[in-house]
Every structure is written in C-alpha cells, then in structure tokens.
Amino acid sequence: MPTTDTALRSAIISVLVENEPGILARVVGLFSGRGYNIESLTVAAVEDGRNRSRINIVTSGTPMVIEQIKAQLDRLVPVHRVADLTLEGPHVTREMALIKVIGRGDDRTEALRLAEAFRARVVDATTESFIFEMTSGTEKLDAFIDLMRPLGLAEISRTGVAAIARGTRVI
C-alpha cells in the first residue's frame, strides 16, 4: 500500500510572467479560488526589454498541494516559468521591514541597543519613537520584532520575501 506524505512544508515559488494588467489578480485568484494561503507575496518588473515581472510567493501545504499549485500556475497565460526555489537547491531570501517602536527611558535605550546588535538602521526618530529599517531573512526579522514587543512595538510594515537561486541557476 503506497504511503502519502501529509506533512506540511513551506515553499518559495518564483513565477516569471509577462508584465501585463491583470496577471497578479489571476495568480492571486488561483490561490483564493482553491483555498490556498499566500503567506508572502512580492512582485516587480525584472526584464525591461522583455516586459516581464517576477512574482515570489511563499505558501505552505503538503507536497501534493505544492505540486498542484505549481502545475496550475504553469498553465496560466502569460506565465513563462515556475520554480520552487525550496526544492531546486540553494537560494537567497531577504525581506525588508519598517518597525515603529514607541517608548521612553530604559526601553528606548534597550531598543537602540538591540537595533545595533541586529544591524537595524534608525530611519526616523522623535523624542518618543523610533522607526527601524531592517533587511534580513524572515527568521531574523521575526526575532527582532519579538524582542521589540515588550519595548513598545507599535507598528510593522513588511515587504514580503524576495528570493533568487544561488549560483548559475536562473528561472
């Protein structure tokens, strides 16, 4: 009797598409129409002369669900390529966040100390608040944000994951 893998896994899927109106709505519609969750989504033009954009999607599901997502994305027109970076080999991921912390006294001093340790930059400061900018992997960002909570974390704005394969592999 064959076994099925029901363990959930996270996947970073990069999709190279024609840069045209409505393509992002079609990709998001594919996910919402089938009940799949998008944990992170980034999109930007990447090839000026060829009018293409790259969409990076972080999602999770069983291996079978991830394969279904990739197959359905690949069938969308005008999709040129679909790549599961988490399966295809080493890759680099980064995410940027702006983190607002409101506090005074020792909490303010501790927030600055932690920001320095995490290499977060102060991009705005008032007598009662800081806005930190931090670019790193998602786990490191999450750790910094968790440390800011008791110090007066007030607001967060995140870009989502940007990802690219290491070495000579391209999508």
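The legends below describe close-up views of a predicted model. Local features need pLDDT of at least 70 and side-chain atom pairs count only at pLDDT 80 or more, while totals for chains, interfaces and linings use all residues. Residues are numbered from 1 along each chain as its sequence is written, and side-chain values use heavy atoms, with hydrogens and water left out.

**View 1. The protein chain has five helices and nine strands.** Helices (H or I, at least four residues) and strands (E, at least two) are DSSP runs numbered from the N terminus. In sequence order the pattern is β-α-β-β-α-β-α-β-α-β-β-α-β-β. The C-alpha trace spans about 60 × 50 × 35 Å along its principal axes.

**View 2. Four strands form an open sheet in the order β2-β3-β1-β4, with antiparallel pairing.** Strands are counted as paired if DSSP finds at least two bridges between them. At the edges are β2 (40-47) and β4 (79-84), each of which pairs on one side only. On average, neighbouring strands of this sheet are turned by 20 degrees against each other, direction ignored. Ten bridges join β1 and β3 (residues 52-61) in the antiparallel sense. Ser14 stands opposite Asn56 in β3.

**View 3. Helix α1 (residues 23-33) lies across β1, β2 and β3.** The helix runs at about 10 degrees to β3. Axes are lines fitted to C-alpha atoms, for helices over the stretch in contact, and angles run from 0 to 180 degrees between N-to-C directions. Contact means heavy atoms within 4.5 Å.

**View 4. α1 packs with helix α2 (residues 63-75) at an angle of about 145 degrees.** The two axes are 11 Å apart, and α1 passes α2 in a right-handed crossing. A crossing is right-handed if the near helix is turned clockwise from the far one by less than a right angle, and left-handed if anticlockwise. Val27, Leu30 and Phe31 of α1 meet Ile69, Gln72 and Leu73 of α2. This contact has five nonpolar, one polar and no charged residues. Ala, Val, Leu, Ile, Met, Phe, Trp, Tyr, Cys and Pro count as nonpolar, Asp, Glu, Lys and Arg as charged, and the others, Gly among them, as polar.

**View 5. The largest pocket contains about 160 Å³ of space.** A pocket is an open set of points on a 1 Å grid over the protein atoms alone, where a 1.4 Å probe fits, with protein on both sides within 12 Å along at least five of seven lines. Grid points are joined across faces, edges and corners, and the volume is the space filled by probe spheres set on them. Lining residues have an atom within 4 Å of a point; among them are Ser10, Ile12, Glu39, Thr93 and Glu139. β1 (9-18), β5 (91-102) and α5 (138-148) each supply at least two residues of the lining. By class, the lining has three nonpolar, four polar and three charged residues.
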